[in-house]
Amino acid sequence: MQVKCTICSSCSNTYDPFLDLSLEIVRAESLSKALVRFTAVEALEGDNKYHCSNCQKKVRALKQFTIDKSPNILTIQFKRFSSTGNSGGKIDKKIEFGRTLDMKPYVSNPQVSCLYMMAVRIIEDLVDEVIDGTVRFGDDERLSISVQEAMPFLIHTLF
Ligand SMILES: [Zn+2]
C-alpha cells in the first residue's frame, strides 16, 4: 500500500505479505472490475486526512493498493457478505471471469509476468444445490455454473 502526500509528494510504502485477496463485489460485475476497484487510487481527505511526517500536519493524500509480488498460487475470495446489502447481507450475483488472469495491470512491478490459470473452488456450504451437474447459488438461474466449470477454484500460476 502506498500513501502519497499531495503537498510534498513524499510517499509512505507499507508491504503486507498476503496469501489471498478478498475482493469487494458489491459494485463489480467481473473479477477484473473487482481488481480495478481494489487497486484504484483513493483520496484521503476531509475527516480522513493523512498525517504527513514530512509536512508535520494533516494533509490530503492519495492511497493506493498494488500488489508488489504476486504469489505462485493466488487465492481470490469474493466478499459475499455485505453489511449494506439488502438480502440479509449475502450478495447473490454473477461475477464473470476468464480462464486465465493476467495480474500485470495490478502489480507495482509490471515487468514480472504474472499470468494465472483459473481454477474454481466453491466452498460447499455456500452452494445451495447441485442438480444434474449444475452448481446453483440462490434461486437465480443465472448464478448457476456447470460442475466442470466449478471444479477447479484455486488459481495456479502458469509462469
Ligand atoms: Zn507532505
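User: In which loop is the place of Gln56?

Analyst: Gln56 sits in the loop between β5 (50-52) and β6 (57-59), in a model that is predicted.

User: Do Gln56 and Ser9 count as buried or exposed?

Analyst: Gln56 counts as exposed because it has 8 C-beta neighbours inside 10 Å, and Ser9 counts as exposed because it has 9 of them inside 10 Å. Leu101, which lies in strand β9 (residues 100-102), counts as buried because 20 C-beta neighbours fall inside 10 Å. Over the whole chain of 159 residues, 9% count as buried.

User: How do strands join into a sheet, and in which order do the 4 strands of the open sheet stand?

Analyst: In general, strands of a sheet pair through backbone hydrogen bonds, either parallel or antiparallel. Here 4 strands form an open sheet in the order β2-β1-β7-β4, with antiparallel pairing. The edge strands are β2 (11-13) and β4 (42-44), each of which pairs on one side only, and the twist averages 25° from one strand to the next.

User: How many bridges join the strands, and which residues stand opposite each other?

Analyst: Going along the sheet, β1 is joined to β2 by 3 bridges, and Lys4 has Cys11 in β2 as its bridge partner. Between β1 and β7 there are 4 bridges, with Val3 standing opposite Lys63 in β7. Finally, β4 is joined to β7 (residues 61-64) by 3 bridges, and there Ala43 stands opposite Leu62.

User: Which residues is Arg60 in contact with, beyond its neighbours in sequence?

Analyst: Arg60, in the loop between β6 and β7, is in contact with Thr6, Ala43, Leu44, Glu45 and Lys49 when neighbours within four places in sequence are left aside. Arg60 and Ala43 are 17 residues apart in sequence, and their C-alpha atoms are 7.1 Å apart. Arg60 counts as partly exposed because it has 15 C-beta neighbours inside 10 Å. Elsewhere, Leu101 and Tyr116 are 15 residues apart along the chain, with 5.0 Å between their C-alpha atoms. Of the contacts in the chain with a separation of 6 or more, 59% are between residues 24 or more positions apart.

User: What is the mean pLDDT of the chain, and where is the pLDDT below 50?

Analyst: The mean pLDDT of the chain is 74, and 65% of the residues reach 70 or more. Over residues 151-159 the pLDDT is below 50, although this stretch has 31 contacts in the model beyond near neighbours in sequence. Where pLDDT is low, the predicted coordinates should not be read in detail.

Key
Residues are numbered from 1 along each chain as its sequence is written. This is a predicted model: local features need pLDDT of at least 70, side-chain atom pairs count only at pLDDT 80 or more; totals for chains, interfaces and linings use all residues. Two strands pair if DSSP finds at least two bridges between them. Helices (H or I, at least four residues) and strands (E, at least two) are DSSP runs, numbered from the N terminus. Axes are lines fitted to C-alpha atoms, for helices over the stretch in contact, and angles run from 0 to 180 degrees between N-to-C directions. A residue is buried if 20 or more other C-beta atoms lie within 10 Å of its own, exposed if 12 or fewer, and partly exposed in between; C-beta atoms are placed from the backbone. Two residues are in contact if their C-beta atoms, placed from the backbone, lie within 7 Å. pLDDT is the predictor's confidence in each residue, from 0 to 100.
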